[in-house]
Amino acid sequence: MNPKCPLYINGQFVETLEKQNIVNPSTGKVIAEVSMASTKEVELALSSARAAFDQGPWPQFSLIERKDFILKIAQGILDNAELLAALEMQNTGKPIKETTFMDIPSSAKTFEYTANNFIDFLEENEFNVSADAKAKLIPEPMGVVVLIVPWNYPLLIACWKLASALAAGNTVILKPSSLTPLTVFELAKIIHQAGLPAGVVNVINASGAKIGEQLCTDKRVDMISFTGSNEIGKQILQYSSKNVKKLTMELGGKSASLIFNDVDLDVAVNSALTSIFLNQGQMCTAMSRIFVQEGIYDNFLNSFVEKTKYIKLGLADNFETQMGPLISDAQRKKVMAYIDKAKAEGGKVLCGGKIPENAELKNGYFFEPTVLVDVGAHSHIFKEEVFGPVVLIHKFSGSDEAAILANSVDFGLAACIWSKDLYLAQELAKKLNAGTVWINTYGMFYNQLPYGGFKQSGFGKELGKEGFLEYIRIKNVILDQSLEGKPLVSYWYGF
Ligand code: NAD
């Protein structure tokens with residue numbers, strides 16, 4: 001591993017005096033010392049991204065040229081896949097199986113799909129609006145876009161944003177979470193090797209608390225695409241109100257799985273386990289509330305708890321590991337505090353709820369997957385995002401009640417329905433206040449489909465045509481070609 005992790009500004013790799021240690025959450029050991037941006041480097045990144053947009057060639061490149069660059073980035077990710085998978089595993093504690101088969105290939109695929117499918121949406125569209133007038137709709141890049149990324153999918157979420165922002169012709173400042181910048185630093189090298197002009201992509205690692213306001217209030221920034229917590233999302237809404245910027249907000253979730261009597265029990269249990277415990281439960285779309293219809297509730301619960309006990313916790317570098325550590329000790333303490341509060345509010349822990357006793361894991365931030373029952377709909381853990389391997393299981397009787405329970409929180413990110421009655425499932429999907437509803441599946445993200453939340457889970461989309469178009473503004477040019485020298489508007493005054 002490269003112990004030096006510089007920032008990337010204006011086509012240069014920049015070492016800073018301020019450094020931060022990056023810790024492997026499996027072992028608690030320091031694995032890298034990374035540069036941290038101060039206000040000085042933020043200023044450099046802002047001026048570089050602005051100049052690259054206003055004077056640089058990027059927005060003016062032909063669509064084919066931009067497409068070629070973006071395909072080179074996709075190829076660069078694939079060429080470095082093994083290194084990236086190892087870095088993501090070491091930095092986040094995700095099991096190596098996940099980073100190898102999910103995070104890294106999906107990151108490359110997003111660039112490839114965006115280049116091959118969305119760039120054509122940038123063609124101008126001309127049409128007649130009346131007998132005399134025609135209009136031209138011109139898609140233009142937004143300008144300078146700030147991309148702010150969380151720690152749970154550091155490379156993948158960065159690539160979702162970056163692929164669309166670049167393909168649309170924007171220049172960007174990418175800010176990874178300061179807990180997990182390693183793969184994004186590697187991505188900067190790939191982008192450099194792909195030959196993108198200086199200033200088109202700038203990567204600054206920094207504490208959001210220190211530089212967030214400077215970055216998000218600057219007039220040179222036209223748009224902010226944020227993925228993270230509601231708390232920080234609300235701060236960014238405030239920053240952006242100072243000089244009105246376009247925003248997309250991908251925030252938290254408290255998603256519900258609704259499991260009906262007619263399912264194949266094993267399939268439903270296995271899928272429900274994945275839907276909460278993948279990535280140690282640190283997924284915005286984690287199905288952290290599972291509602292099971294009363295006819296199968298007891299069998300489902302018994303099977304779910306038994307299988308949860310057999311989930312293999314382990315060091316993230318082991319291909320057999322099914323669950324790695326949480327991202328940090330602070331995150332583990334937050335999860336434990338939620339469980340304590342749930343117990344105080346009447347909840348019962350059926351399994352997990354503690355730090356594992358395995359000596360091999362003692363220095364990491366491991367936590368046992370936890371199943372809770374008897375949690376009231378008014379308790380904190382029912383309504384708030386835990387962001388860890390903790391699930392609440394409840395009973396319901398009919399689909400109306402299931403919809404009410406699923407919709408009863410402030411979030412609206414995603415939901416799952418499990419039933420063989422596809423008519424019922426599709427009717428129920430219409431009633432759910434969630435941006436994504438999976439029926440008889442979970443966690444399937446497709447580059448061609450938009451993804452984003454409702455209610456307090458945010459607004460705007462990632463992926464799909466709709467996600468791509470977030471990074472574009474439409475200019476409307478109207479040409480009146482009636483009455484040479486006497487356009488229609490002159491009749492108002494009759495001169
Ligand atoms: P976070 O809000 O703490 O941090 C997100 C990013 O914001 C980081 O890069 C952080 O450095 C930066 N930041 C912090 N303070 C800032 C400030 N004042 N100004 C500007 N930037 C600032 O979130 P996290 O803990 O990294 O990630 C977990 C959260 O992300 C969870 O709530 C999860 O639900 C959410 N998330 C949502 C989605 C989605 O698609 N809806 C996807 C992944 C994660």
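Modeller: We take pockets, cavities, a helix pair and a sheet in turn.

This is a predicted model: local features need pLDDT of at least 70, side-chain atom pairs count only at pLDDT 80 or more, and totals for chains, interfaces and linings use all residues. Residues are numbered from 1 along each chain as its sequence is written, and side-chain values use heavy atoms, with hydrogens and water left out.

Biologist: What volume does the largest pocket have?

Modeller: Rolling a probe the size of a water molecule over the atoms shows where empty space is left. On a 1 Å grid over the protein atoms alone, a pocket is an open set of points with protein on both sides within 12 Å along at least five of seven lines, while a cavity is a set where a 1.4 Å probe fits but cannot get out; lining residues have an atom within 4 Å of a point. Points are joined across faces, edges and corners, and a volume is the space filled by probe spheres set on them. Here the largest pocket has a volume of about 1,100 Å³. It is lined by 39 residues, and the closest to its centre are Trp151, Phe226, Gly228, Ser229 and Ile232.

Biologist: Which helix gives the most to the lining of the largest pocket?

Modeller: Helices (H or I, at least four residues) and strands (E, at least two) are DSSP runs, numbered from the N terminus. H8 gives the most, with 6 residues. At least two residues each come from helix H7 (208–217), strand E11 (223–227), helix H8 (230–241) and helix H11 (329–344). The lining has 19 nonpolar, 14 polar and 6 charged residues. Ala, Val, Leu, Ile, Met, Phe, Trp, Tyr, Cys and Pro count as nonpolar, Asp, Glu, Lys and Arg as charged, and the others, Gly among them, as polar.

Biologist: How much space lies in the second largest pocket?

Modeller: About 570 Å³. Of its 26 lining residues, Met102, Leu156, Trp160, Gly443 and Phe445 are the closest to its centre. H4 has the largest share of this lining, 5 residues. By class the lining of the second largest pocket holds 16 nonpolar, 7 polar and 3 charged residues.

Biologist: How many cavities of 30 Å³ or more are there?

Modeller: The count comes to 4. The largest cavity has a volume of about 90 Å³. Among its 16 lining residues, the closest to the centre are Ala406, Phe411, Ala414, Asn433 and Ala434. The second largest cavity has about 80 Å³ of space.

Biologist: At what angle do helices H13 and H14 pack?

Modeller: Two packed helices are described by the angle between their axes and the distance between the axes. Axes are lines fitted to C-alpha atoms, for helices over the stretch in contact, and angles run from 0 to 180 degrees between N-to-C directions. Helix H13 (residues 399–406) and helix H14 (residues 422–431) pack at about 35°, with their axes 10 Å apart. Ser399, Asp400 and Ala403 in H13 meet Leu424, Leu428 and Lys431 in H14, where contact means heavy atoms within 4.5 Å. These contact residues divide into 3 nonpolar, 1 polar and 2 charged.

Biologist: In what order do the 3 strands of the open sheet lie?

Modeller: Two strands pair if DSSP finds at least two bridges between them. The order is E6-E7-E23, with antiparallel pairing. Strands E6 (125–128) and E23 (472–480) are the edges, each pairing on one side only. E6 pairs with strand E7 (residues 133–141) over 4 bridges, and Phe127 stands opposite Ala135 in E7.
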